[in-house]
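Here are a few exercises to work through with the model open beside you. Try each task before reading its solution.

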Amino acid sequence: MVVYDLHCAAGHTFEGWFRDPQEFERQLARHLVACPACDSIEVRRRPSANAVIRNPSPSAEGGRASRDPGSTPSPREMARAVRCFVERHFEDVGARFAVEARRMHRGEAEERNIRGIATPAEVRELHDEGVAAMPLPGAEDDKPN
């Protein structure tokens with residue numbers, strides 16, 4: 001795993017964690033790397049001493065990762081980061097999630113990233129129809145997804 005210091009066109013700085021340098025380049029090319037402060041996808045690496053993590057180990061803070069570049073975030077922190085990204089970048093269709101996902105799957109609606117609410121039965125039906133749907137990581141912490 002590598003950790004890069006990044007900055008956006010607006011001058012915000014932040015860290016990015018990637019499996020390897022090639023994964024950073026792939027995500028950057030697909031506009032998946034965005035500034036957490038302003039959502040800008042105009043992101044560049046800042047000169048820094050890169051951190052390479054070979055053997056992540058739990059920190060002394062009860063499994064929570066510290067800000068030390070040599071540590072790795074806990075699964076809960078990573079799930080929250082994924083959830084935060086989805087909430088910022090996916091359209092919220094609310095309780096119409098299953099209907100809208102089917103419409104996109106059938107070509108009746110424009111394909112786009114959506115999020116919303118679906119019952120376990122609706123998710124099973126979507127899977128049976130070949131529609132990809134999954135619970136939002138970290139959602140069990142504070143609200144339904």
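Predicted model: local features only at pLDDT ≥ 70, side-chain atom pairs only at ≥ 80, totals over all residues.

**Exercise 1.** Work out how helix α3 and helix α4 are oriented relative to each other, and which residues meet where they touch.

*Solution.* Two packed helices are described by the angle and the distance between their axes. Begin with α3 at residues 97-105 and α4 at residues 120-128: their axes come within 10 Å and cross at roughly 10 degrees. Next, compare that angle with the cut-off: angles under 35 degrees count as roughly parallel. The helices α3 and α4 are therefore roughly parallel to each other. Now look at the side of α3 that faces its partner: F97, A98, A101 and R102 in α3 meet E122, E125 and L126 in α4. Sorted by class, this contact has four nonpolar, no polar and three charged residues.

**Exercise 2.** Find the salt-bridge partner of E23 and decide how accessible each member of the pair is.

*Solution.* Start with the partner: E23 forms a salt bridge with R26, and their closest N and O atoms are 3.0 Å apart. Then place the pair in the fold. Both E23 and R26 belong to helix α1 (residues 21-29) and are three residues apart, about one turn of the helix. Finally, check accessibility, where buried means under 20% relative accessible area. E23 has 16% and so is buried, while R26, with 42%, is partly exposed.

**Exercise 3.** Which parts of the chain does the salt bridge between D39 and R88 tie together?

*Solution.* First confirm the pair: the closest N and O atoms of D39 and R88 are 3.0 Å apart. Then locate the two ends. D39 sits in the loop between α1 and β3 (43-45) and R88 in helix α2 (residues 75-89), so the bridge ties together parts that are 49 residues apart in sequence. As for accessibility, D39 is partly exposed at 32%, and R88 is partly exposed at 30%.

Conventions
Residues numbered from 1 in each chain as written. Heavy atoms only, no water. Axes fitted to C-alpha atoms, helices over the stretch in contact; angles between N-to-C directions. Helix = DSSP H or I, 4+ residues; strand = E, 2+ residues; numbered from the N terminus. Parallel < 35°, antiparallel > 145°, perpendicular 65-115°, else oblique. Contact = heavy atoms within 4.5 Å. Nonpolar A, V, L, I, M, F, W, Y, C, P; charged D, E, K, R; others polar. Salt bridge = Lys/Arg side-chain N within 4 Å of Asp/Glu carboxyl O. Buried < 20%, exposed > 50% of the residue type's maximum accessible area, 1.4 Å probe, protein only.
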